[in-house]
Each structure stands twice: as structure tokens, then as C-alpha cells.
Amino acid sequence: TRPEVPSHVPFLLIGGGTAAFAAARSIRARDPGARVLIVSEDPALPYMRPPLSKELWFSDDPHVTETLRFKQWNGKERSLCEASIYFQPPSFYVPVRDLPFVENGGVAVLCGKKVVHMDVRGNTVKLSDGTQISYDKCLIATGGSPRNLPVIERAGKDVQQRLTLFRKIEDFKSLEKISREVKSITIIGGGFLGSELACALGRRARTRGLEVIQLFPENGNMGKVLPEYLSNWTTEKVRKEGVNVMPNAVVKSVSVSGNRLVIKLKDGRKVETDHIVAAVGLEPNVELAKSAGLEVDSDFGGFRVNAELQARSNIWV
């Protein structure tokens, strides 16, 4: 019988996000017979993240959390067409156990598995369940994990239970449910993700009487990305969506009082709310560097590579 997981693959891609999927597609385009294995911690097949904070919130479909489909504008016909957040349907992929045997190769995804150890000299990796896979060429595309605010990390369990760090399909599903149940949600962070979620939830604020607050240390939304006049314009835009935008807000402490969360700011202001979404950036996932002996950049925290994105002659990042 064929093993569940092949012991050797020509192309091993670690991580199941956009980078890994794009790499798989490029490898197959250049080498139509290539056999590519994606190992992903996520239980889902590769999907786009942007709709999780954008289009999915504006769907009229009451079952959107199950279907994960949204309407998008199709430039040519100017008609609304349905799209899914998944890059490809399941039928696009080859079953993992069949990857070495299918005639013209293909892309297989091993979902819900994590690479925990890398032997660079032996060209092998080890998964969390002990499975070993050897490779000819490997891509590390492990992405990042959402950061949390140290003041929230120190605030204890009661606060953590009312916190969302938004990144995956599961986070969208749970926040969508929470937004129907609570009276007030506070988003901490003024970047892309925080501002998108503020607008998405703001739309609900009008129809459901949900209070949506967004606070961040900068002078305006997207303050780190946009010039001041555009940041001002964006901030107004978010306010018009029904969001209470609080710039120049630095969180000093978060605690539970009665049945509510109390956020104290450095300037003395207090915010009472029911749930917090922290959208304060990403931490690169570089745990593999240790066992692999790969260099990590001390300033930026990511893997060190050359101009060809190589960390070793047959390992790319």
C-alpha cells in the first residue's frame, strides 16, 4: 500500500499561504511534470486573506461563514460574479499519497501539519507527528503570526478570552459571530487590517446598533503608510462608516470590570467595550531557523537570504 505521505518529493513548500501557492503555480508553469508538496499548518486549502477583512463582511448571504463566497466586480462584463476565497477548488490538487505516482505530476497539500525540524545537510524535514520527508528543493514560506500588545498579554485570562488576533478563516468566523452578539467592539491598530475591519464592522454598526471603536497611536488612519492629507481623508472616511475613531491613543492597561472590558489610555481617557480586536502587525515565523542553522536578521527578524532569495543553495525563503 502507498504511504499516507511520500518519503521524498522533488519540490517541498513549507507553509500554505499565498506565497507557497504562487510558487507551486510557477513551478508547474515552468515544469509541467513537476511534483510539488505544500505542507500547511492551516486545516484549509490555500486561500486569499484580504477578503476576510473586506468583501466577506459585505455579503448579503446569511451563510457566508460557511460558503466563504463573495461578489466581485468583473471588469470586462461589469457584472457581479461570485468568487471564493480559495485559490483553487479541491479538484485542482492531487491526493498527497498519489503525488509520486500520478502521470503528469501535480500539486498536493498536506493540511493541518507542521514542519518542526529541518536537516539542511540531509535535505529532510520532520513533521510534528514524526513523519520525515526528503526533498530536492525547498521553499520556506511560513509567513507571520499576529502580534499582540504586551499590555494585553499581561492582562490575564479574562481579557484574553475577549480578544481576537485576526489572521485566519477561523478568526473571521468567530468575529462575525461575536459581532452579532456583543454591543461594542474595539479595534486597536490603525493600519490596513485595523482600518478594513473597522469599516466592515462599521457597516454593521448602522444596521445593528453595534458600537465600533478604533484606536491607534498615530494622528490618523494609515498614519504610517499615507501622507498626512490622505491619512486625514481616510480617517474621515472611516468615521463616515459609523466608527468612533480615536487617534493619538496609546493603551496603558486593559482590565475587566463587571461584565465589560476597560481600556485605559496613557492620556487618562477610558474606553469601555465588550471585545477587542488587536491588529498591531505580524511577527515573522522563523522557528525553523534554529534546527536548520539558518541566519535570522537581527533588525527585521526574518530569514537572511541572498539576492536570489536563497538561504542555502537548494533552500529559498
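Colleague: How many salt bridges are counted between domain 2 and domain 3?

Modeller: This is a predicted model, in which local features need pLDDT of at least 70 and side-chain atom pairs count only at pLDDT 80 or more, while totals for chains, interfaces and linings use all residues. Residues are numbered from 1 along each chain as its sequence is written, and side-chain values use heavy atoms, leaving out hydrogens and water. A salt bridge requires a side-chain nitrogen of Lys or Arg within 4 Å of a carboxyl oxygen of Asp or Glu. By that rule, the count between domain 2 and domain 3 is 1 salt bridge.

Colleague: Which side chains meet in a salt bridge at 3.1 Å, N to O?

Modeller: Side chains of opposite charge can pair when their charged atoms come close. At 3.1 Å, N to O, the two side chains that meet in a salt bridge are those of Glu196 and Lys54.

Colleague: Which helices each supply at least two residues of the side of domain 2 that touches domain 3?

Modeller: Helices (H or I, at least four residues) and strands (E, at least two) are DSSP runs, numbered from the N terminus. On the side of domain 2 that touches domain 3, at least two residues each come from helix H2 (50-53) and helix H3 (64-67).

Colleague: What area do domain 2 and domain 3 bury between them?

Modeller: The domain bounds come from an automatic or database domain assignment, which gives domain 2 as 48-85 and domain 3 as 146-282. Contact means heavy atoms within 4.5 Å, and 11 residues of domain 2 are in contact with 17 residues of domain 3. Buried area is the accessible area (1.4 Å probe) that two parts lose on being put together, summed over both. For domain 2 and domain 3, with 71% of it on carbon and sulfur atoms, the value is about 1,400 Å².

Colleague: Is Asp119 buried, partly exposed or exposed?

Modeller: Asp119 lies in strand E6 (residues 115-119) and touches Thr124 and Tyr135, not counting residues up to four places away in sequence. Buried means under 20% relative accessible area, exposed over 50%, and partly exposed in between (1.4 Å probe, protein chains only). Because its relative accessible area is 33%, Asp119 is partly exposed.

Colleague: How far apart in space are Asp119 and Gly258, C-alpha to C-alpha?

Modeller: In sequence, Asp119 and Gly258 are 139 residues apart. In space, their C-alpha to C-alpha separation is 52 Å.

Colleague: Where does Asp274, the salt-bridge partner of Arg260, lie?

Modeller: The side chains of Arg260 and Asp274 meet in a salt bridge at 3.2 Å, N to O. The pair links distant parts of the chain, 14 residues apart: Arg260 is in strand E15 (residues 260-265), and Asp274 is in the loop between strand E16 (270-273) and strand E17 (275-278).

Colleague: Between Lys224 and Glu218, which residue counts as buried?

Modeller: The side chains of these two residues meet in a salt bridge at 3.8 Å, N to O. Lys224 has 72% relative accessibility, so Lys224 counts as exposed. At 18% relative accessibility, the residue that counts as buried is Glu218.

Colleague: How many salt bridges does the structure hold?

Modeller: One of the pairs is Asp297 with Arg304, at 3.5 Å, N to O. For the structure, the number of salt bridges is 17.
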